[in-house]
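The sequence and the model come first.

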Amino acid sequence: MSSSKKTNRRDGSRSSALSPIRRPFQYEGAELKCAGVALEPLARRYGTPLYVYHWETIAASFAQYRQAFAARPHLICASVKANGNLSLLHGLAHLGSGFDIVSGGELQRVLAAGGDAGKVVFSGVGKTAEEMDAALDAGILLFNVESAPELKLLAERARRKRVRARFGIRVNPDVEASTHPYIATGLHRHKFGVTAAAAEKLYREYSRHPWLEAAALSFHIGSQILDTAPFGEAVAKMVQFIRTLRAHGVGLRYFDLGGGLGIAYHQGQKPPAVNAYAATIHKALGDLGCTLLLEPGRRLMASAGALLTRVLYVKDNEQRHFVIADAGFNDLIRPVLYSAHHEIAPVQRRKGSLTVDVVGPICESSDAFARERKLSRVQSGDLLAILDAGAYGFSIASNYNSRPRVAEVLLKGGKPRLIRRRERLDELFEAERECLPKDRSPR
Ligand code: LLP
């Protein structure tokens, strides 16, 4: 297969395995649009702040993975934590995607969206007995177990239900991937997985258990990784480990590589193409012969989404110019939590520019989307798009400062569809109101 071959998919998306997906949010003259669709009418119709996603971009990214790994048996399990909106999960399930989940809540999301439980892998260091039970009842593909006591509990829950649980052990490959320390996971000092030595002991101890099937090896070295080398290093180490296990009579069907491939949040970042990532993995795998499980999150969703926010006020404090937007860090926390850079694009570009801080209404100094950023001049009432917000945007949103979570809109075939209505204020304290004493007269 030629790596530069373009595919025209049934849903109209075009994908090239060579190039990283282009953001759908691009300027046409002075106006930022999403794949040709004007954003101001969406903001007026659905209100702001507003998440807008472009379906064809997600589908094209999914197609890149499928194409790059076509040479081997594989299953792409989209990472629900990146964006768990039911309509997006439904669309991905329709493309044949499985799902990587980390909680009983995410399992319910997948099922509610019509996802196939038989394509679900359950990761996470702290699964509860109740979550295990729900996943066993649903008949998920795989539990990725992260400790000895967790495996013991899984065996016990499976025995009680008289079903056989397929498990993988998440091995911490002790590989350094340069990314933000909060999202690096592959070193022994991180809480994730167990050492290869501990995993070997567990596989040998549990591989003949009546209610367990040793089915997989899994690892995940971190997120927003912009270099293929650490993936190659981790895969090579794990392939070696699988060969050791085979020598001890433990044969595994699945090799779960986790996610982690990064995107370009700013121009200086050069993320590897999906097929370059795949080529590194294919090379390190050699003739291993397991079914690959891939758990991409960010690479599928991030650049497909933007957060639209309206400028409320503009003010100057001495030397500093502040653009006060109606979105806050409760809506998109990445800049605050990881000092992450997100491009901010005024939907109507004006002449002239100014260096500004783009901040939100939350009562904390940290509430800023950008500091000392050069933007074209903005005025109160202008619309801004915070780009690459499709992954770990809405999914980490909170109600801090009693702010309702915002609406989400999906553009598909050039048409917008509301995929989550804005929360109503009364919903925010519903669960508290029912706990109030009956007699509420002030003392
Ligand atoms: N599989 C496992 C086991 C994971 O822990 C993760 C992400 C993924 C897959 C998906 O990784 P991705 O392909 O999206 O890099 N909130 C942070 C990212 C946290 C990632 C946690 N684990 C952020 O906004 O950058």
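Val110 sits in helix α4, residues 104–112. Helices here are DSSP runs of H or I with at least four residues, strands are runs of E with at least two, and both are numbered from the N terminus. The model is predicted, so local features need pLDDT of at least 70 and side-chain atom pairs count only at pLDDT 80 or more, while totals for chains, interfaces and linings use all residues. Residues are numbered from 1 along each chain as its sequence is written, and side-chain values use heavy atoms, with hydrogens and water left out.

With a relative accessible area of 0%, Val110 is buried; the term means under 20% relative accessible area, with exposed over 50% and partly exposed in between, for a 1.4 Å probe and protein chains only. Apart from neighbours within four places in sequence, Val110 is in contact (heavy atoms within 4.5 Å) with Val80, Leu89, Phe99, Ile101, Gly115 and Val120. Between Val110 and Val52 there are 58 residues in sequence and 21 Å in space, taken from C-alpha to C-alpha.

Leu89 is also among the buried residues of helix α3 (residues 86–94), together with Ser87, Leu88, Gly91 and Leu92. The N-terminal end of α3 is capped by Asn85, which has a side-chain oxygen 2.8 Å from the backbone nitrogen of Ser87. After α3 comes Gly96, with a positive phi near 100 degrees.

**Strand pairs**

Two strands pair if DSSP finds at least two bridges between them. Two such pairs are set out below.

| Strands | Bridges | Direction |
|---|---|---|
| β11 (residues 165–170) and β12 (residues 212–218) | six bridges | parallel |
| β21 (residues 407–412) and β22 (residues 415–420) | five bridges | antiparallel |

Arg170 has Ser218 in β12 as its bridge partner. In β22, Arg417 stands opposite Leu410. The hairpin of β21 and β22 has two residues between the strands, and Gly413 takes a positive phi near 55 degrees there.

**Barrel and domains**

Eight strands close into a barrel with parallel pairing, in the order β7-β8-β9-β10-β11-β12-β13-β14. On average, neighbouring strands of this sheet are turned by 30 degrees against each other, direction ignored. Helix α5 (residues 129–138) packs on the sheet and touches β9 (120–122), β10 (142–145) and β11; its direction makes about 150 degrees with that of β10. Axes are lines fitted to C-alpha atoms, for helices over the stretch in contact, and angles run from 0 to 180 degrees between N-to-C directions.

The domain assignment, whose bounds come from an automatic or database source, gives domain 1 (1–54 + 301–443) and domain 2 (84–296). Their C-alpha centres lie 31 Å apart.

Key: A polar contact is a pair of N or O atoms within 3.5 Å; within protein, one must be able to donate a hydrogen and the other to accept it, and residues adjacent in sequence count only if both atoms are side-chain atoms.
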